[in-house]
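Hi,

Here's the structure I promised to send over. Have a look at it first, then read my notes below.

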Amino acid sequence: MPNPFFSFKQFTVHHDLCAMKVGTDGVLLGAWADCSGAARILDVGTGSGLIALMLAQRSQAQIDAIDIDFNAYTQAGINFRNSKFKDQMSAWHSDFLVYHKTYKYDLIVSNPPYFLDSLPSPDKSRTTARHSKSLDFDSLITTAKDLLSDTGKISLILPAQSFSFIQQIAEKNHLFLIRKTNVIPLEARPPKRVLIEYSKEDSVRQEDELVIEISRHNYSTAYRELTKDFYL
């Protein structure tokens, strides 16, 4: 039976109530997203609250984390209350498409559902967490843009093959790609994931790649450096 929790250096994430467990994608986004100077952050589809907790550790921002699944919202709330960052964090049970606040966000992050063509899981919660039927890319980008401050950013992690599709949506919404990191799971393999960051303001685009493993269980220096403040 999988461990019901995952311990990091400054917090513990219980994930027994939510469909999607702590994984590399969430850790990558939580460590990579640019939260410098952010006063308010929104985590869309928070699941266990992992990414929100990582951003709380990295910033002084007030963080809202939402999930349409009640069990995930409950799980995130428990993890937030049990962390030393609890005063920074709020969990909300909400559909992102109807979510609204009186303020705007300086950073919106999401590890979104992205299995566009795969068969739905018989587990309803896992289907919601994994499949874009509940939140398609177009709705994600359009709604996020409306919640952004004038200098705000959107940071996402997606399958590499989804990049051109979401790039078209971002351009349609007058958002500029300002950072892109191709994530290579094993050296000499093609990218499997892509970390991307959009802004309402155009700037010089930064592009690079990140190799996770040089060989099996032999992690690259770059990956160790990116995650050093989190993994035990």
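This is a predicted model: local features need pLDDT of at least 70, side-chain atom pairs count only at pLDDT 80 or more; totals for chains, interfaces and linings use all residues.

Numbering starts from 1 along each chain as its sequence is written, and side-chain values use heavy atoms, with hydrogens and water left out.

The chain has seven helices and eleven strands (DSSP runs: H or I of at least four residues for helices, E of at least two for strands, numbered from the N terminus). Its C-alpha trace spans about 50 × 40 × 40 Å along the principal axes. Of the 232 residues, 49% count as buried (buried is under 20% relative accessible area, exposed over 50%, partly exposed in between, with a 1.4 Å probe and protein chains only).

Now the salt bridges (a side-chain nitrogen of Lys or Arg within 4 Å of a carboxyl oxygen of Asp or Glu): the count comes to seven. One of them joins K172 to D138, with the closest N and O atoms 2.9 Å apart. That pair links distant parts of the chain, 34 residues apart: K172 sits in helix α6 (residues 163-172) and D138 in helix α5 (residues 137-147). D138 is partly exposed, at 28% relative accessibility.

Another pairs E213 with R216 at 3.4 Å, N to O. Here E213 is buried at 7%, whereas R216 is exposed at 63%.

Cheers
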